[in-house]
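Reader: I've got a protein model to look through. Could you help me find my way around its inside?

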Amino acid sequence: MATTANEDYIKTIYALESSGQRASTSRIAQRLDVTMASVTGKIKHLAAAGYVRHTPYYGVTLTPKGRKLALHTLRRHRLIELFLVKTLGLRWDEVHADAEVLEHAISDKVLERMYEYLGRPEFDPHGAPIPAEDGSIKELTGVRLSDLPSGARSRVLHVSDADGEFLRYLASIDFTIGTAFTLRDRAPYGGPLRIRIGRRELDIGPDAAERILVCPS
């Protein structure tokens with residue numbers, strides 16, 4: 001049964017797999033802020049229900065059934081975030097926590113009405129692809145800002161919705177989804193990156209640059 005707890009665990013496992021990390025008990029516990037004992041018990045339950053496969057000393061992987069539920073939950077989450085921004089006027093840094101709650105409560109009928117009302121969008125406010133109703137999802141083809149060569153012309157493609165403070169910082173410097181810029185230079189020894197947006201220039205620290213996905217403009 002797709003309970004709130006099941007959906008949270010499965011979405012977390014999907015996020016770990018998508019980032020190339022093993023979905024180990026310790027990583028799941030850290031992401032969900034629960035004990036490892038709680039994770040162990042829940043994993044047994046999810047495996048029995050056919051959502052995951054558990055390999056001792058390795059971790060868990062989603063089954064096709066689990067992946068389908070993960071993408072369905074992500075579709076809810078990302079459409080709700082977009083609705084809150086586009087329709088209710090919330091900022092992009094305000095919507096993640098509410099979407100975490102509402103994704104478990106909204107009906108499929110309301111969700112699809114929301115999808116049509118928003119014009120059948122493909123991406124959420126943070127640039128993440130919204131899974132289709134059939135469970136397919138577009139792949140983001142970008143690179144980290146930190147990996148760009150000097151002189152590259154790019155635009156911001158995606159930023160994670162998990163850190164509201166970081167999103168507020170990016171909004172304060174007008175460096176949000178779709179912003180076109182040129183990487184002017186990078187300081188040596190892991191120093192900041194100097195970027196130009198129109199006629200203004202600003203510095204982006206190396207830690208921040210690691211968290212921003214960009215693509216050619």
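Reader: Which residues does Leu145 touch, not counting those up to four places away in sequence?

Author: This is a predicted model, where local features need pLDDT of at least 70, side-chain atom pairs count only at pLDDT 80 or more, and totals for chains, interfaces and linings use all residues. Residues are numbered from 1 along each chain as its sequence is written, and side-chain values use heavy atoms, with hydrogens and water left out. With contact meaning heavy atoms within 4.5 Å, Leu145 touches Phe175, Phe181, Arg186, Leu193, Ile204, Ala209, Ile212 and Val214.

Reader: Which members of the largest nonpolar core touch the most other members?

Author: A nonpolar core is a set of buried Ala, Val, Leu, Ile, Met, Phe, Trp, Tyr and Cys residues joined through side-chain atoms within 4.5 Å. Buried means under 20% relative accessible area (1.4 Å probe, protein chains only). The largest one here has 22 residues, and those touching the most other members are Leu145, Phe175, Phe181, Ile204 and Ile212.

Reader: How many residues does the second, separate core have?

Author: Ile28, Leu62, Leu69 and Leu74 are among its members. In total, this second core has 19 residues.

Reader: How do the residues lining the largest pocket divide by class?

Author: Here Ala, Val, Leu, Ile, Met, Phe, Trp, Tyr, Cys and Pro count as nonpolar, Asp, Glu, Lys and Arg as charged, and the others, Gly among them, as polar. On a 1 Å grid over the protein atoms alone, a pocket is an open set of points where a 1.4 Å probe fits, with protein on both sides within 12 Å along at least five of seven lines, and lining residues have an atom within 4 Å of a point. The lining of the largest pocket divides into 14 nonpolar, nine polar and 14 charged residues.

Definitions and conventions:
Buried means under 20% relative accessible area, exposed over 50%, partly exposed in between (1.4 Å probe, protein chains only).
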